[in-house]
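Work through the exercises below with the structure at hand. Try each task before reading its solution.

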Amino acid sequence: MSEFSNDNSVFPLVHTHPKNNDLHGRLKKLKQIFYSKFSFYPDVYFRVPGRVNLIGEHIDYCGYSVCPLAIDKDILLAAKAVEAEPFLEITNLDSKYPDCIVPDSNFIIDRQKYGWGAYVLCGIRGALEKIEGKPISLRFAIAGTISPGSGLSSSSAIVSASLLATTYLNKLTLPKTELATMSAICEQYIGTAGGGMDQAIAFCATEVGLLGCAKHIEFNPLRTTDVSLPREAVFVIANSLVTKNKAESDDFNTRVVETRLVAQVLANQQLSKANIDEMRIADVQAELDVSLEKMISLVKGTFHEDPYTKEELCRELAITEDELLSKILTPDTRHLSHFHLYHRGLHVVEEAFRVQKWLSADSIQTLGCLMNESHQSLRDLYEASHPSLDRLIKDCQEGGAFGARLTGAGWGGCVVAITTEDNVDNFMESLAKSYYKDYDGDFSQVVFATQPGTGAQIFTSI
């Protein structure tokens with residue numbers, strides 16, 4: 001696949017009104033909800049897309065590059081700055097999410113207290129750290145088409161939208177890459193130690209006409225490159241109907257910590273640099289100046305397959321247990337007694353190598369094989385799959401997909417499959433008759449083909 005550079009330093013475009021009729025209708029509905037709640041109309045509207053990651057799962061927080069694309073499912077936010085108390089009021093188009101009121105800007109992000117609104121507060125908190133002087137009061141109304149817990153980045157889109165809205169209304173203009181980096185930090189306020197992929201594609205995605213485009217996203221510094229896909233390729237997203245909230249479980253942060261420990265042990269043995277704060281596996285590779293093939297060999301030769309205990313890790317790193325708890329483990333992983341370093345480290349470096357192969361692949365068959373290998377690794381080495389996900393993957397493969405894999409954090413959510421334009425209808429019909437044969441909901445909402453979409457947008461009128 002060919003690549004070409006793209007400048008992503010420009011602030012998201014401000015449009016007078018949306019050109020898409022469906023989006024226009026959804027924004028009009030949100031406008032009315034806003035008025036019915038606050039008795040005045042919003043001044044500005046924001047759209048932030050969800051994403052599907054095509055290859056490179058659970059490696060962004062290890063410093064390695066990924067290849068996602070933005071989808072047409074999104075979060076919409078209508079907003080107005082006001083000169084009144086309270087500091088913030090939020091309402092949601094979906095009535096199952098209760099209104100959220102925050103009295104002043106000195107709030108503490110608390111999921112127990114604010115529920116879904118805590119994700120909005122994450123973005124606002126990040127913006128407040130950049131705003132000089134007293135911030136303005138805000139009124140938000142939010143709507144979305146990204147199913148929560150589906151692995152399509154609904155939470156990151158909410159955080160990104162609230163950050164963008166707060167900076168814009170406070171007349172703070174920032175480049176896309178800085179907004180993306182800030183948003184990734186913001187989401188950590190809720191306890192999720194992510195790596196920045198979701199936010200990068202949310203802000204930096206671009207449409208490039210009929211060819212179709214994904215993004216190769218690299219980190220430190222954040223930079224993106226457009227990647228053309230085979231013209232006949234179509235990606236289908238299918239929801240396993242198993243939901244997973246990564247912020248309410250220690251599964252995700254456990255994997256982050258295990259990969260951090262892999263980096264620490266490798267650094268200690270290969271670089272004689274033990275206990276380096278925030279060192280990631282990609283940082284070790286960069287300092288060693290070796291290939292990914294060599295990193296695969298190092299992981300296989302360094303770690304034993306049995307889990308490591310805390311005592312063993314302390315010996316490996318020449319640190320005390322107190323140092324392990326305070327400098328490496330997160331609050332929600334300090335209770336763990338065993339850590340799977342061999343399997344987690346091997347997945348990371350092999351998945352990074354798959355991304356490298358993806359960028360040079362020249363056929364849909366090769367892409368499909370890489371996706372299949374990725375899912376097998378996520379299932380067996382990273383243990384981030386779920387029986388329902390595995391069954392859905394099997395049905396995708398038997399239904400004519402060249403490849404399929406879980407996308408997002410895992411443990412539920414969606415899979416992404418690759419097929420061709422002339423086969424996509426038959427493929428989706430096959431899924432309807434297999435995995436979804438007993439599903440009585442709207443099939444089009446749980447299985448849909450997607451094309452690469454654009455990143456965050458701002459509309460001043462509708």
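The model is predicted, so local features need pLDDT of at least 70 and side-chain atom pairs count only at pLDDT 80 or more, while totals for chains, interfaces and linings use all residues. Residues are numbered from 1 along each chain as its sequence is written, and side-chain values use heavy atoms, with hydrogens and water left out.

**Exercise 1.** Describe how helices α5 and α6 pack, and list the residues in contact.

Step 1. Locate the helices: α5 covers residues 176-187 and α6 covers residues 197-204. Helices (H or I, at least four residues) and strands (E, at least two) are DSSP runs, numbered from the N terminus.

Step 2. The angle is about 145° and the axes are 8 Å apart. Axes are lines fitted to C-alpha atoms, for helices over the stretch in contact, and angles run from 0 to 180 degrees between N-to-C directions.

Step 3. List the contact, which means heavy atoms within 4.5 Å. From α5 come K176, T177, L179, A180, S183, A184 and E187; from α6 come Q199, A200, F203 and C204.

Step 4. Sort these residues by class: 6 are nonpolar, 3 polar and 2 charged. Here Ala, Val, Leu, Ile, Met, Phe, Trp, Tyr, Cys and Pro count as nonpolar, Asp, Glu, Lys and Arg as charged, and the others, Gly among them, as polar.

**Exercise 2.** Compare the span of α13 with the expected one, then find its buried residues.

Step 1. Helix α13 (residues 364-380) has 17 residues. The expected span is 1.5 Å times one less than the number of residues, which gives 24 Å for α13. From first C-alpha to last, α13 reaches 24 Å, close to that value.

Step 2. Buried means under 20% relative accessible area, exposed over 50%, and partly exposed in between (1.4 Å probe, protein chains only). The buried residues of α13 are I364, L367, G368, L370, M371, S374, H375, S377 and L378.

Step 3. Ask what covers these residues: the cover includes strands β3, β10, β13 and β14, along with helices α12 and α14.

**Exercise 3.** Classify the aromatic pairs Y35 with Y41 and F303 with Y308.

Step 1. Rings of Phe, Tyr and Trp (its six-membered ring) pair if their centres lie within 6.5 Å; planes under 30 degrees apart count as stacked, over 60 as edge-to-face and the rest as tilted. The whole structure has 12 such pairs.

Step 2. Y35 and Y41 lie 4.5 Å centre to centre with 25° between their planes, so the pair is stacked. Y35 is partly exposed because its relative accessibility is 37%, and Y41 is partly exposed at 37%.

Step 3. F303 and Y308 lie 6.2 Å centre to centre with 75° between their planes, so the pair is edge-to-face. F303 counts as buried at 5% relative accessibility, and Y308 is buried at 1%.
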